[in-house]
Amino acid sequence: MPHVIVTGGPGAGKTTLLTELAAMGYATVDESARAVIAERLASGQSPRPDPVTFAREILRRDIEKYLNHPRTSDWVFFDRSLVEALGMLQEASPLPSSELEFMLAAYPFHPTVFVLPPWEAIYATDSERDQTFSDAVDVHASVVRWYRSCGYMLNDVPRLPVAQRAEHVLRTLAESTTSRARKTR
């Protein structure tokens with residue numbers, strides 16, 4: 001499965017890592033939450049609507065991005081994902097389990113999710129990121145719990161320079177591909 005999730009709390013270096021992977025020639029898909037927040041701020045609204053509306057809008061955009069991402073047999077890296085949007089929606093207004101299972105099955109991702117841990121040394125706020133570092137740690141914990149509950153294997157990306165983080169991700173994917181190929185023989 002070429003769809004790969006890169007996640008973690010705010011300010012952990014996800015966007016920087018995806019920029020590095022894009023520079024290496026891989027397709028990347030931006031997260032939707034920052035775009036929603038930026039659009040709302042530009043129109044004079046509060047950064048976020050109510051949690052259900054926010055989650056539904058992110059999910060709508062993430063499904064659209066999933067369906068319209070660049071077609072390639074190589075890895076496509078997603079900054080967060082619709083799986084996370086489903087988690088936000090589940091937290092705000094739980095879906096029936098059959099609907100949640102259907103959504104997770106309809107939009108498959110690679111079984112390994114790359115998680116960037118909170119990193120206070122690089123953490124910074126900006127116009128779309130108004131959370132404190134403590135909030136970022138809480139979001140990280142919530143994201144980890146959610147992906148585990150959805151059956152994903154989590155790979156903690158070490159706190160290293162971005163080029164080494166990218167190498168870690170690509171090496172891990174290569175190893176998982178080799179391991180799966182051996183199992184199918």
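The model is predicted, so local features are reported only where pLDDT is at least 70 and side-chain atom pairs only at pLDDT 80 or more, while totals for chains, interfaces and linings use all residues. Residues are numbered from 1 along each chain as its sequence is written, and side-chain values use heavy atoms, with hydrogens and water left out. The structure holds six salt bridges, a salt bridge being a side-chain nitrogen of Lys or Arg within 4 Å of a carboxyl oxygen of Asp or Glu.

**Arg80 and Glu31**

- Arg80 is joined to Glu31 by a salt bridge in which the closest N and O atoms are 3.4 Å apart.
- Because Arg80 lies in the loop between strand E3 (76-79) and helix H4 (82-92), and Glu31 in the loop between strand E2 (27-29) and helix H2 (33-42), the pair ties together parts that are 49 residues apart in sequence; helices (H or I, at least four residues) and strands (E, at least two) are DSSP runs, numbered from the N terminus.
- Arg80 counts as buried at 14% relative accessibility, and Glu31 counts as buried at 13%, where buried means under 20% relative accessible area, exposed over 50%, and partly exposed in between (1.4 Å probe, protein chains only).

- A salt bridge of 2.5 Å, N to O, links the side chains of Glu39 and Arg61; since Glu39 lies in helix H2 and Arg61 in helix H3 (residues 51-68), the pair ties together parts that are 22 residues apart in sequence.
- Arg61 is buried, with a relative accessible area of 17%, whereas Glu39 is partly exposed at 44%.
- Arg61 also forms a salt bridge with Glu57, with the closest N and O atoms 2.6 Å apart, and both residues lie in helix H3, four residues apart, about one turn of the helix.
- Salt bridges that share partners join Glu39, Glu57, Arg60, Arg61 and Glu64 into one network.

**The largest pocket**

- The largest pocket has a volume of about 930 Å³, a volume being the space filled by probe spheres set on grid points that are joined across faces, edges and corners.
- A pocket is, on a 1 Å grid over the protein atoms alone, an open set of points where a 1.4 Å probe fits, with protein on both sides within 12 Å along at least five of seven lines, and lining residues have an atom within 4 Å of a point.
- The largest pocket is lined by 38 residues, of which Arg80, Glu84, Met88, Gln131 and Val139 lie nearest its centre.
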